[in-house]
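Try each task before you read its solution.

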Amino acid sequence: MEPRIARRIVRNALLSLFLYALPVLLMFATFYLTNQRPWEKKAKKAQAVLTRK
């Protein structure tokens with residue numbers, strides 16, 4: 001395989017991985033900056049429902 005084509009394949013693969021991971025990274029950055037923990041709120045609601053009965 002030509003080195004030029006191999007570099008293009010690697011570049012495209014890295015770009016695809018970055019685009020795939022970008023929404024997840026942005027989600028975690030948002031949670032960090034806003035100090036939100038949605039998974040904790042859901043657990044508290046479920047626990048409150050269980051303790052009422």
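**Exercise 1. Find how many helices and strands the chain has.**

Solution. Start with the secondary structure: the chain has two helices and zero strands. These elements are DSSP runs numbered from the N terminus, with at least four residues (H or I) for a helix and at least two (E) for a strand. Keep in mind that this is a predicted model, where local features need pLDDT of at least 70 and side-chain atom pairs pLDDT 80 or more, while totals for chains, interfaces and linings use all residues. Residues are numbered from 1 along each chain as its sequence is written, and side-chain values use heavy atoms, without hydrogens and water.

Next, the surface. Of the 53 residues, 2% count as buried (buried is under 20% relative accessible area, exposed over 50%, partly exposed in between).

**Exercise 2. Describe the course of H1 and what follows it.**

Solution. First, take the span: the 32 residues of H1 reach 45 Å from first C-alpha to last, close to the expected 46 Å (1.5 Å times one less than the number of residues).

Asn35 follows H1 and sits in the loop between H1 and helix H2 (38-52). Although Asn35 is not a glycine, its phi is positive, about 60 degrees. Most residues other than glycine have a negative phi. Asn35 counts as exposed because its relative accessible area is 59%.

**Exercise 3. Work out which residues form the salt bridge.**

Solution. Apply the rule: a side-chain nitrogen of Lys or Arg must lie within 4 Å of a carboxyl oxygen of Asp or Glu. The count comes to one salt bridge. Glu2 pairs with Arg4, their closest N and O atoms being 3.9 Å apart. Glu2 is partly exposed at 46% relative accessible area, and Arg4 is partly exposed at 48%.

**Exercise 4. Classify the geometry of the aromatic pair.**

Solution. Rings of Phe, Tyr and Trp (its six-membered ring) pair if their centres lie within 6.5 Å; planes under 30 degrees apart are stacked, over 60 edge-to-face, and the rest tilted. The structure holds one such pair. Phe31 and Trp39 have centres 5.5 Å apart and planes at 70 degrees, so the pair is edge-to-face. Phe31 is buried at 15% relative accessibility, whereas Trp39 is partly exposed at 46%.

Conventions
Buried means under 20% relative accessible area, exposed over 50%, partly exposed in between (1.4 Å probe, protein chains only).
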